[in-house]
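Please look through the structure shown below, chain by chain, with the sequence beside it.

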Amino acid sequence: MNAIELQGLGHLYRNGRGVRGVDLSVREGEIFGFLGPNGAGKTTLIRTMLGFLSPTSGSGRVLGLDIVRDSRELRASVGHLPSEPALYDFLSGYDNIEFALQVRGVRDRTRVHELADRLEVNLKQRYKTLSRGNRQKVAIIAALAHDPRLLIFDEPTTGLDPLVQDTVRAIIREEQSRGVTVFMSSHDLAEVEALSDRVGIIRDGILVAVDEVERLRQRRMKHIALQATGELPDLASLPGVRDLRRDGRRIRFTYTGDLAAILEPLLRSGLADLTVTDPPLEEVFLSFYGQNGRGQGGTCA
Amino acid sequence: MILFRQFLRSQRTGLLIWLGATVLLALALAASSTGMQQNDLVERIATKLPAALQALLGLVPGLSGVDAFVSAKLGVSLGLILPAYACLLAIAAVTREVDSGRMDFLLALPIERCQLLLARWAGMAVDLAIVAVGAWAALVIGLKANRVCGSYAGYLWMALQAWFLSLGCGSLAMLASVWIDDYGAAVKYILGGLGVLFSLDLGLKAMNVAKFWRAFNPFAYFDAARPIAEHHLLWGDAVVMLATSFVAVWLATRAFARKQIHA
C-alpha cells in the first residue's frame, strides 16, 4: 500500500501561487525527499496534506485516509515537524510534549526520555529560554513521541549543529527500519541525497520530477575552477563539460557526470589549484530539468 | 478538557494581571466610598446635570449614595474593562496562535477545529467570571472593612451583567479574529472597534436615544445601576448577550473550520 497517494492535488493562493496538479505516490516504509528552492511550494503541499489548507483541486489519501474527510484520524498517525516550529513559550519543553501526548491519549513517556537523551536536550527548561537548535530538538521529540506511522518533516535539520544533524538523520533511518514512512522536505540536496530512497522536485508549485536518488546523484553537476601548470586537454570536447571560460591559466566550467572521469586527465596535466563546488540547488534543477521543468528528469510516479 | 485546561494555563499570567487590576480598583473604590457617603458629591453635581447624563453616571432615583457611587464607578469600569479583557482573550485564542505559528502545533494534533475553539471560548468565559466575581468580592470586602453598608447582592448582579456583556463582546471578537492573522492588527482593530462602540453608546445615551436604536450595540445591553436598584439580573439583556455569544461562537467555529492556516 502507498502511504501517500495524491491525485492532481493543488492549493492555489489568491495571487495565483501555490501548488497545482501534484500526482505523487509514496510507498509505505520509504524515505521520500521533497526538494525545491524556497517558495517552490514544498510547505504548501505539506500543509494541504495535513488539512491546514484546503485543496483547490484534486484529492489525496494519506495512510489510506482521505486528507479532507478523515483529517482528524489521519493526524493521529502522523508526526509533523513544521519548518519553523513554535511551541508554548511559558511551558517547559517537556510540558509542551506532555500536552500533545495527552491530547493524543498516549500514556507511555519512555520514548520522550529516550529521544531527549539522544538529542541531548534539557526538557525541563522553559521553551522560551531554549536556543534555536534546542527548540528544534523539542519539536522533533514532539513529532516522534507518539510513535507515528508517517513522519512529515519540513526542513528537519535546520538550526541544528552538524553532530546533532547526524543524530537526527540516524533517528530518521531507525524510524524507517521500523516501517515508518518519512516524507521530508528540504532545500539541502546533500541531506536528501544522504537519507532518501526517492526524491521529488518541485518548482513554481509544480512537481517537475520524481526520481531515484541514485539517478539524481549520477546526473548532479559541479562547478569546477582550476589553475593549470601544464598543457590541459581539450576540455570542451569532454562529455559533461559546459560553460567553459578561460582566463589565462585559470579555467572555470560546469561539469555533469562522474567526477573521477574528469579529474583524471586534469591531474595528469598538472594542477596548481583546484576548487570543486556544488552549485545552488536551483541551478541544479534548472540544469537537470530545463527551464520548463520538464527536461531530462524522471516521471512523477 | 485537556484543551480547556491548556488554554486556562496559557492565560494564567494575563488573568492574574487583569484580576489584580480589577481587585485593586474595587478596593480603591471601596476605600473612597466612605468619603462619598459624607460628601455625597456625585449626587450634588449630578442633580445639576441633564437626566441623560445623570444616567451616564449610573445614578438612578432610589439608589443610596454608596450604591450610586459603586454603580457609577465600578459598574461603568467593569462594563469597559471586562469586554476589553474578553477581546484580548478572544484574540489570544485564534489570532495570536496563528501569528506565532503555534496553530501548526495545535492543528497537527488529532482534534477537530471546533473542539479547539469551543474549549477556548469556555476558557474565556471562566476567566471573565473569575475577574467579575473577584472584583465583586474585593468590593464587598473593602466596603465591609470600611464599615460601609451597600447592596452587596445587587453588586453581584451588576458584576454578572458585566460578565454577560463581556461574553457577548468576546464571542464577537472571536468571530472577527478568525479573519485576522496578525496579532498587532487584531488588537488594534478589535479593541479600537470596542472603543468606538462604547463611545457611540455613551453618546447616544447622552442624547436620550431609545434602546431600540442602539440595539446593534452590545453596550446597550449593560446598565450598571438597574441590577443594584432592582436586586436582580436584567434577564432580557443577559439573554440577548448570551444568544449573541452563542451565535457568534457558532459562526466562528464554522469560519474557523474553513480557515486556511498559512505558514
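In what order do the strands of the open sheet of six strands in chain A lie, and with what pairing? In this predicted model, the order is β6-β7-β8-β3-β9-β10 (chain A), and the pairing is mixed. At the edges stand β6 (78-81) and β10 (206-212) of chain A, each of which pairs on one side only. Direction ignored, neighbouring strands of this sheet are turned by 15 degrees against each other on average.

Within that order, strand β3 (residues 31-35) of chain A and strand β8 (residues 181-186) of chain A are joined by five bridges and pair in the parallel sense; A:Leu35 is found opposite A:Ser186 in β8(A). Two helices that pack on this sheet can be followed from here. The helix α1(A) touches β3, β6, β7 (150-154), β8 and β9 (198-203) of chain A, and its direction makes about 145 degrees with that of β7(A). Helix α6 (residues 162-177) of chain A also packs on the sheet, where it touches β3, β7 and β8 of chain A, and the direction of α6 makes about 150 degrees with that of β8(A).

Chain A has another open sheet, in which four strands follow the order β12-β13-β11-β14 (chain A) with antiparallel pairing. Its edge strands, each pairing on one side only, are β12 (241-247) and β14 (271-277) of chain A, and the twist from one strand to the next averages 15 degrees. Strand β11 (residues 221-228) of chain A runs antiparallel to β14(A), to which six bridges join it, and A:Ala228 lies opposite A:Leu271 in β14(A). Helix α9 (residues 259-269) of chain A packs on this sheet by touching β11, β13 (250-256) and β14 of chain A, and its direction makes about 5 degrees with that of β11(A).

Where chain A meets chain B, the contact takes 21 residues from chain A and 17 residues from chain B. On the side of chain A, the elements that give two or more residues are α1 (42-50), α2 (71-76) and α3 (93-104) of chain A, and α3(A) gives the most, with five residues. That side of chain A divides into 12 nonpolar, four polar and five charged residues.

In chain B, helix α9 (residues 152-177) packs against helix α12 (residues 235-258) at an angle of about 20 degrees, with the axes 8 Å apart. Because of this angle, α9(B) counts as roughly parallel to α12(B), and their crossing is left-handed. The contact includes B:Phe164 and B:Leu165 of α9(B) together with B:Met241 and B:Leu242 of α12(B); by class, its residues are 14 nonpolar, five polar and one charged.

How does α9(B) pack with helix α10 (residues 183-206) of chain B? The angle is about 145 degrees and the axes are 11 Å apart, while the crossing is right-handed. Here B:Cys169, B:Ala173, B:Ala176 and B:Ser177 in α9(B) meet B:Ala186, B:Ile190 and B:Leu194 in α10(B), a contact of six nonpolar, one polar and no charged residues.

How values were computed:
Residues are numbered from 1 along each chain as its sequence is written. Chains are lettered from A and ligands numbered from 1 in the order in which they are written. This is a predicted model: local features need pLDDT of at least 70, side-chain atom pairs count only at pLDDT 80 or more; totals for chains, interfaces and linings use all residues. Axes are lines fitted to C-alpha atoms, for helices over the stretch in contact, and angles run from 0 to 180 degrees between N-to-C directions. Angles under 35 degrees count as roughly parallel, over 145 as roughly antiparallel, 65 to 115 as roughly perpendicular and the rest as oblique. A crossing is left-handed if the near helix is turned anticlockwise from the far one by less than a right angle, and right-handed if clockwise. Two residues are in contact if their C-beta atoms, placed from the backbone, lie within 7 Å. Ala, Val, Leu, Ile, Met, Phe, Trp, Tyr, Cys and Pro count as nonpolar, Asp, Glu, Lys and Arg as charged, and the others, Gly among them, as polar. Two strands pair if DSSP finds at least two bridges between them.
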